[in-house]
Amino acid sequence: MSAQLTRRAVLGATIALAGTGVLADRAAASHSATHHPAPSGTTAPEGYVSPDGPEVAAAERRRGAGPERRATLIATPSLLELGGGRTVTSWAYGGRLPGREIRVTAGDTLALTLANHLPQSTSLHWHGLSVRNDMDGVPGLTQRAIGAGTAFSYRFAVPDPGTYWLHPHSGVQLDRGLYAPLIVDDPREPLSYDREWVVVLDDWVDGVDGSTPDAVLRELTGGRGHTGHAMPATAPPANDGPSRRLMGATSELLGGDAGDVDYPYYLVNGRTADDPSAFLARPGDRIRLRIINAGGDTAFRVALGGHRMTVTHTDGFPVRHTGTDALLLGMGERYDVLVTAGDGVFPLTALAEGKNASAMALLRTGGGAAPGASVRPKELDGELVTAGRLAPDASVALPARKPDRTVMMRLTGSMKAYDWAFDRKPYTADQRHPVKAGERVRLEFRNPTAMWHPIHLHGHTFALAGGASGARKDTAIVLPRRTLTVDFDADNPGLWMLHCHNLYHAEAGMMTVLGYRG
C-alpha cells in the first residue's frame, strides 16, 4: 500500500520533527563514513562567481535561517521488488523505491547527510529548489563528487513551498532507483483538502536481463558512453544485456519521436501495473495529488479514471486553478492536482506516451474489483492541459519587465549520431553563458531537431511565454521544430547547470552552464 497522509497527520509529523530534528534513516548511517571538508571542488573562471564565494553566502543570509531539520540518506546496492514477484538488483536510498519522502516546511533549514555505500562516487541534486549554489549537487561544477565509502552533509535554507524531488547528478545513476520525493509544506497553505497522495512515475530498466543504464547509454552513443558528466569512479562492468534502443515510437503530443529507450517496465511508486500500489480514501474526500515524473526517457500522460482533476501547481508554484481530464509530464516535471474521490476502485493510469505501455496505481474508496493492468480510462483521451495553457497565480507571477539580456541557444543533434548538445558544443564544466545579478534574463531555446527535449534550469524558476503571463516552472518541454521563450530574474548567484532532462541526451552532451559575473 502506498504512503498516504491526512492534513492532521502532516501537521503532527511536522510537530514531531520540531522535537526530534530527525526526518529519516538517521540512525542507520555508517559511522565509518568520512566527510568532505569543503563543498566546491571547482574553480570558477576569472570574473565569475564561485559556488562557495561571498556572493553565494550573502544570498543565503538573505533567505534567513529557520528551524533546522536533519535527515540522513543512505545510497546503497539494493534488492528491489517491483510487483508480481519481480525482483531486481539496483541502487536505492535506504533500500526503498522510491526513497523515503523528505518533508520540511518553507523557511526551514535542511541539513541532510548522504552516506555513499555505492561502489562508485555519487552526488545529490534538489530538483526545482532554489538552493545556495555550493549545495546544488553537480560534481565538477559546484562540489566534489562524494566518493564510495564517504559521506557529505548538505545544508541550506528551503525558500519555497511545493512539490520537488531529489536525485544524483552523477552519470546515469538517476535511471537506477536513486530518487525520492521532497515535499515543502506551505506554513500558510491556502488549499483545503483531506488527504495527500504523492505519486512518483518512473521507467525501469536496471537489473532486468542484465541491463543497466550505463549499457543503454553505450548502445545509444555507439560506445562513446559519458560525454556529459565526468564518469563516476569505478564504472560498472560492460555486461550490456539485450538491446534497449527504441525505434518508431511516435506521439502527436510530443511532435513526433517519443523517446529513445525501450524500457521493460513502467512504475507508479515503485510498482508495476499488474501488482499496483493502492491509496485508501473515503468517498467525497478531497485529495491532493503531487505527481512527479522521475523517468529517464519517458513522458507520461496521466489520468484518474472516473474523475476530473483541478490543476493547482506546476513545478512547485501555484497556478490559477484549471480543470482537466489528463496531464502530460515530461521528465523532471511536477503537477499538483485536486480531485474529489468517487465511490469504488479507480485506476490512476500513467500512459508511457508514444511507447504503447503504461503504469498504474489504484484509488480505493469502497468495495469492488480492481481494474486490469491494461485499463485505459477514457479521461486519457479527454481534455488535456499542458503547461503553456496555465496562468500563474497572482502571488507568484513574474512582474512585467523588459529583459536586460537574451541568451539564445540552439538544441542540436540527431537520433542517428546521438550527438545531443547546445549549439553543437557537448558539455564541458568550463562552459559559461554570462548573466549578472539583478538582471531579467530571457532564454530562447530554438529546437530544429526532430526530438522533444524537457529543459531544466537549476537554482531558479522561470516564467513561460517570456513574461508575466506564463506559469512559473523550472522544467519545460521544447517541442521539435519549435522555439520556447522563458524569462527569469537572476537572483541566485553562482554557476548553474542548464540541461535536457532526458538523462541520455544530457549524458551525450546536452548540458551547459549559466554563470553569474563577479
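The model is a predicted one, so local features were kept only at pLDDT of at least 70 and side-chain atom pairs only at pLDDT 80 or more, while totals for chains, interfaces and linings use all residues. Residues are numbered from 1 along each chain as its sequence is written, and side-chain values use heavy atoms, with hydrogens and water left out.

Aromatic rings come up first. A pair of aromatic rings is described by the distance of the centres and the angle of the planes. Here, rings of Phe, Tyr and Trp (the six-membered ring for Trp) pair if their centres lie within 6.5 Å; planes under 30 degrees apart count as stacked, over 60 as edge-to-face and the rest as tilted. Searching the whole structure turns up seven aromatic pairs. One of them is W197 with F279, a stacked pair at 4.8 Å centre to centre and 15° between the planes. This pair ties together distant parts of the chain, as W197 is in strand β11 (residues 195-204) and F279 in strand β15 (residues 278-280), 82 residues apart. Strands (E, at least two residues) and helices (H or I, at least four) are DSSP runs, numbered from the N terminus. W197 is buried at a relative accessible area of 1%, and F279 is buried at 0%; buried means under 20% relative accessible area, exposed over 50%, and partly exposed in between (1.4 Å probe, protein chains only).

Y418 and W420 make an edge-to-face pair, with 6.0 Å centre to centre and 80° between the planes. Y418 is buried, with a relative accessible area of 0%, and W420 counts as buried at 1%. Elsewhere, W126, F152, Y154 and F156 come together as one aromatic cluster.

The charged end of R176 is over the ring of W91, 4.0 Å from its centre, and R517 lies over the face of Y48, 4.5 Å from the ring centre.

On a 1 Å grid over the protein atoms alone, a cavity is a set of points where a 1.4 Å probe fits but cannot get out, and a pocket is an open set with protein on both sides within 12 Å along at least five of seven lines; lining residues have an atom within 4 Å of a point. There are three cavities of 30 Å³ or more. The largest cavity holds about 90 Å³ of space and is lined by 14 residues, with H167, H169, L174, H499 and L503 nearest its centre. Helix α4 (503-508) and strand β34 (495-500) each supply at least two lining residues, and α4 gives the most, three. The second largest pocket has a volume of about 440 Å³. Its lining has 21 residues, of which T386, G388, I477, L479 and L484 lie nearest the centre.

Finally, the backbone. The peptide bond from L97 to P98 is cis, with omega near -10°, and P98 is in the loop between β4 (86-93) and β5 (102-105). D315 has a positive phi, near 50°, and is buried at 0% relative accessibility. N356 also has a positive phi, near 55°, but is exposed, with a relative accessible area of 80%.

Methods:
Lys NZ or Arg CZ within 6 Å of the ring centre and 35° of its normal. Points joined across faces, edges and corners; volume = space filled by probe spheres on them.
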